[in-house]
Amino acid sequence: MARLTKQADGRYHTTVVVGHDARGKAIRKPIAGRTLIAEKTADGYKGMLNACLIPIFGNRQMRALTPPIIQQEFNNLANQKYSKSYLAKCRTILNRIFKRAVAEGILPVNPLSVVTMPKTKSKPKVVRRAFTPEETTRILRVGSTHPEGLLLLVLYYTGMRPEEVRGLQAEHIDLKRGVIHVRQAITYVSNRTAEDRSLKTPQSRRDIPIPQVLVRALRKRPVFGDNFLFGA
């Protein structure tokens with residue numbers, strides 16, 4: 001993707017490669033939108049396209065994709081035990097493609113508008129439970145004795161998400177007051193650090209009081225300047 005810029009109309013503009021001509025030169029198309037997709041989300045969409053949608057629809061002419069054909073393919077995916085949420089994401093991606101095709105005059109109507117999502121069996125919900133006394137003892141033992149046990153202790157005593165813990169820098173740790181300020185998150189996309197450091201939701205920005213046992217453990221591993229507590 002080319003450089004992303006924000007225009008006067010409030011939309012974000014960039015260009016994407018949609019194919020290559022006979023000489024192998026990239027064919028680029030401009031795209032615009034009023035919101036940004038997180039890199040992790042975009043990577044998930046890309047994986048879905050490559051693993052599912054392109055193998056099914058990639059070699060077909062867009063005008064040949066009639067509602068019955070699309071309906072049958074979604075039914076096939078449901079029969080292969082794909083989850084309801086996975087099918088919904090596939091439909092979202094296809095819908096955006098078809099809506100763009102209609103806007104550019106490639107298609108007269110969006111064929112997906114009359115396709116119904118097949119019924120799928122919902123996966124059983126994961127039941128969360130508290131650690132048993134034995135599990136708690138093991139966690140604290142490993143956290144206190146393992147060379148990288150501090151990470152486990154921070155997760156245990158704060159309840160922070162792993163990506164939030166990875167984002168901890170010196171300015172976020174106030175040992176005098178016994179408080180950790182959650183201000184950013186470090187995620188990994190395709191085995192590399194994502195540039196977007198935003199938190200999952202606005203409510204994720206919070207201050208967490210920490211017990212003295214964790215304060216003592218953190219003092220043994222001081223962080224200075226712009227360094228990360230656990231690297232990034």
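**From one glutamine to the packing of a helix**

Tutor: Let's start with glutamine 71, which lies in helix α2 (helices are DSSP runs of H or I, at least four residues, and strands are runs of E, at least two, both numbered from the N terminus). Bear in mind that this is a predicted model, where local features need pLDDT of at least 70 and side-chain atom pairs count only at pLDDT 80 or more, while totals for chains, interfaces and linings use all residues. Residues are numbered from 1 along each chain as its sequence is written, and side-chain values use heavy atoms, with hydrogens and water left out.

So, is glutamine 71 buried or exposed? With a relative accessible area of 18%, glutamine 71 is buried (buried is under 20%, exposed over 50%, partly exposed in between, with a 1.4 Å probe and protein chains only). Ignoring neighbours within four places in sequence, glutamine 71 is in contact with Val115, Thr116 and Pro118 (contact means heavy atoms within 4.5 Å).

Helix α2 also has a charged residue worth a look. Glutamate 73 makes a salt bridge with arginine 60, with the closest N and O atoms 2.8 Å apart (the criterion is a side-chain nitrogen of Lys or Arg within 4 Å of a carboxyl oxygen of Asp or Glu). Since glutamate 73 sits in α2 (residues 67-79) and arginine 60 in the loop between α1 (39-57) and α2, the pair ties together parts that are 13 residues apart in sequence. Glutamate 73 counts as buried at 15% relative accessibility, whereas arginine 60 is partly exposed at 36%.

That is one of nine salt bridges in the structure. Another joins glutamate 148 to arginine 221, at 3.5 Å from N to O. Here glutamate 148 is in the loop between α4 (133-145) and α5 (149-158) and arginine 221 in the segment after α7 (212-219), so parts 73 residues apart in sequence get tied together. Both ends are partly exposed: glutamate 148 at 47% relative accessibility and arginine 221 at 28%.

Then there's arginine 183 with aspartate 207, whose closest N and O atoms are 2.9 Å apart. Arginine 183 belongs to the loop between β5 (179-182) and β6 (188-189), and aspartate 207 to strand β8 (residues 206-209), so this pair ties together parts 24 residues apart in sequence. Beyond these pairs, salt bridges link Arg161, Glu164 and Arg206 into a network.

Now for the strands. β5 and β8 pair in the antiparallel sense over four bridges (two strands count as paired if DSSP finds at least two bridges between them), and isoleucine 180 stands opposite isoleucine 208 in β8. Strand β4 (residues 173-174) also pairs antiparallel with β5, over two bridges, and isoleucine 180 in β5 is the bridge partner of isoleucine 173. The β4–β5 hairpin has four residues between its strands, and there glycine 178 takes a positive phi near 70°.

In a regular strand the side chains alternate between the two faces of the sheet. In β5 both faces are covered, with Val179 and His181 buried on one side and Ile180 and Val182 buried on the other.

What packs against α5, β4 and β5? The buried residues of α7 do. They are Leu214, Val215, Ala217 and Leu218. Seen down the α7 axis, they fall within an arc of 165°, so they line one face of the helix (the arc being that of the directions from the helix axis to the C-beta atoms).

Not counting residues up to four places away in sequence, leucine 214 touches Leu150, Leu153, Val154, Tyr157 and Thr158.
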